[in-house]
Number of protein chains: 2
Amino acid sequence: MIKVLIADDHTMFVDGIESILKLEEGIQVVGRCYDGGSVLKYVKDHSVDIVLLDVNLPDMSGIDVCKQLSASHPSVKVLAISMYNEESYVSEILNHGAKGYILKNTGREELLKAINTVQGGATYFSKEVTETIMKGLMNRRKSSAKSSPDIPKISRREKEVLKLIAEEFTTQEIADKLFISLKTVESHRANLLAKLNARNSAGLVRISLENGLLN
Amino acid sequence: MIKVLIADDHTMFVDGIESILKLEEGIQVVGRCYDGGSVLKYVKDHSVDIVLLDVNLPDMSGIDVCKQLSASHPSVKVLAISMYNEESYVSEILNHGAKGYILKNTGREELLKAINTVQGGATYFSKEVTETIMKGLMNRRKSSAKSSPDIPKISRREKEVLKLIAEEFTTQEIADKLFISLKTVESHRANLLAKLNARNSAGLVRISLENGLLN
DNA sequence: CGAAAACCCAGGGTTTTCCCCTAAAAATAA
DNA sequence: TTATTTTTAGGGGAAAACCCTGGGTTTTCG
């Protein structure tokens with residue numbers, strides 16, 4: 001028997017969910033909460049398997065609820081429910097321990113599948129949400145891949161110097177660390193400025209980070 | 001009846017999968033392929049619902065197979081199977097149309113769940129794979145996901161200066177842009193160095209980018 | 001309201017970076 | 001092998017960054 005807690009500030013929505021789950025034999029709705037604080041309170045005093053958690057709650061964001069929940073009660077699985085298929089919402093709440101993310105226009109079948117999947121220890125995202133995540137991944141890949149229009153090869157030594165510059169070491173400190181002269185470090189930096197087309201160390205760091213040159 | 005095609009170059013593995021699926025009533029293994037070319041060929045001539053596709057095949061990578069498959073036969077769902085839980089593999093093959101990604105140490109139960117989920121139109125990732133994806137998301141989204149441990153408020157003017165520093169402008173240029181003295185700009189930078197706990201402008205830029213302070 | 005804090009401004013003095021130049025030993029590629 | 005790149009290093013000077021101090025203004029908060 002899966003014990004489910006529903007957390008959403010819209011009564012009608014909670015009613016809808018409950019009426020769906022009531023018909024299921026393996027699922028028991030053990031409680032209803034209309035704000036984040038009640039969720040934390042309820043979980044403290046009762047046994048709960050899954051929390052159907054709305055991302056947007058009146059008093060505190062579902063993200064915060066999720067964060068605290070997974071810290072204090074890691075065995076409780078959070079299935080996020082939201083009106084919004086926004087990548088930032090999705091990644092944020094998943095980064096804070098949610099086991100799944102579905103939209104509010106989800107049908108009965110999918111809701112049940114999500115609950116069962118999450119209960120089984122895996123994660124569940126509805127199709128639309130997955131597409132959103134993938135789009136996000138794809139865009140980031142493109143931008144990180146294409147954004148090297150004209151970057152000549154950075155030699156091994158130059159890369160070492162570059163890393164140390166990004167870590168805020170002075171030229172003298174870098175020279176000492178690498179057992180080379182201060183003038184040599186300056187040479188490397190000068191070459192880096194030319195290669196990365198930067199005007200100063202600040203630009204050097206920015207360009208490096210934007211193109212992931214420090215890995 | 002779900003028609004499944006197994007594509008993997010390790011015979012024993014294919015046997016294992018097939019013996020598992022043979023016991024299932026709703027699933028029928030319609031073919032076996034040991035390289036990528038055969039997959040494309042088979043799909044062209046037969047009706048297939050799901051391809052269990054190994055990411056590493058002898059002749060061509062599973063990514064390429066997936067790409068061509070989703071272009072020529074979009075109704076065929078690809079469920080990627082791999083030994084490796086590498087973020088680059090996962091995101092790449094998912095970007096090319098795969099509907100799921102599971103590892104080779106996956107048990108019988110999870111394999112069946114994955115097949116049914118994918119057949120139902122949703123996507124499926126095993127727990128470990130999801131963690132990998134989320135880790136990747138988190139690293140790229142440090143700004144939104146991560147907490148800012150000890151960053152005092154940056155004033156409006158300081159932020160302006162900070163942005164211009166990151167854009168490689170010199171102190172004099174910043175002073176001219178903002179119609180203030182060179183010395184004033186230096187003051188702002190000094191305050192920024194203290195607030196962000198940086199030693200120099202390079203660190204200023206790094207910390208800003210890591211914490212998304214330039215938005 | 002009134003004090004404390006934060007913000008914006010700015011100058012003097014010191015250290016560091018940046019730039020333009022040259023150049024040789026060492027490693028790598030053709 | 002020869003040719004190219006990398007790594008090393010230096011002089012000298014202009015520019016920028018950094019450190020310390022302080023005054024005037026605005027914001028915040030009891």
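Predicted model: local features only at pLDDT ≥ 70, side-chain atom pairs only at ≥ 80, totals over all residues.
Local features need pLDDT of at least 70 and side-chain atom pairs count only at pLDDT 80 or more, while totals for chains, interfaces and linings use all residues. Residues are numbered from 1 along each chain as its sequence is written, with chains lettered from A and ligands numbered from 1 in the order in which they are written.

**View 1. The surroundings of DNA strand C.** The largest share, four residues, is from α9(A). Helices are DSSP runs of H or I, at least four residues, and strands are runs of E, at least two, numbered from the N terminus.

**View 2. Where chain B meets chain A.** On each side 31 residues are in contact (C-beta atoms, placed from the backbone, within 7 Å). Among the helices of chain B that each supply at least two residues are α4 (87-95), α6 (127-140) and α11 (201-210). α11(B) gives the most, seven residues.

View 3. A:G36, A:V39 and A:V43 are buried (20 or more other C-beta atoms within 10 Å of their own; exposed is 12 or fewer; C-beta atoms are placed from the backbone). They sit on the same side of α2(A) because they cover an arc of only 50° around the axis, taken from the directions from the helix axis to the C-beta atoms. On the other side, A:K41, A:K44 and A:D45 are exposed. The cover over the buried residues includes β1 (2-7), β2 (27-33), β3 (50-54) and α3 (62-72) of chain A.

Conventions. Contact = placed C-beta atoms within 7 Å.
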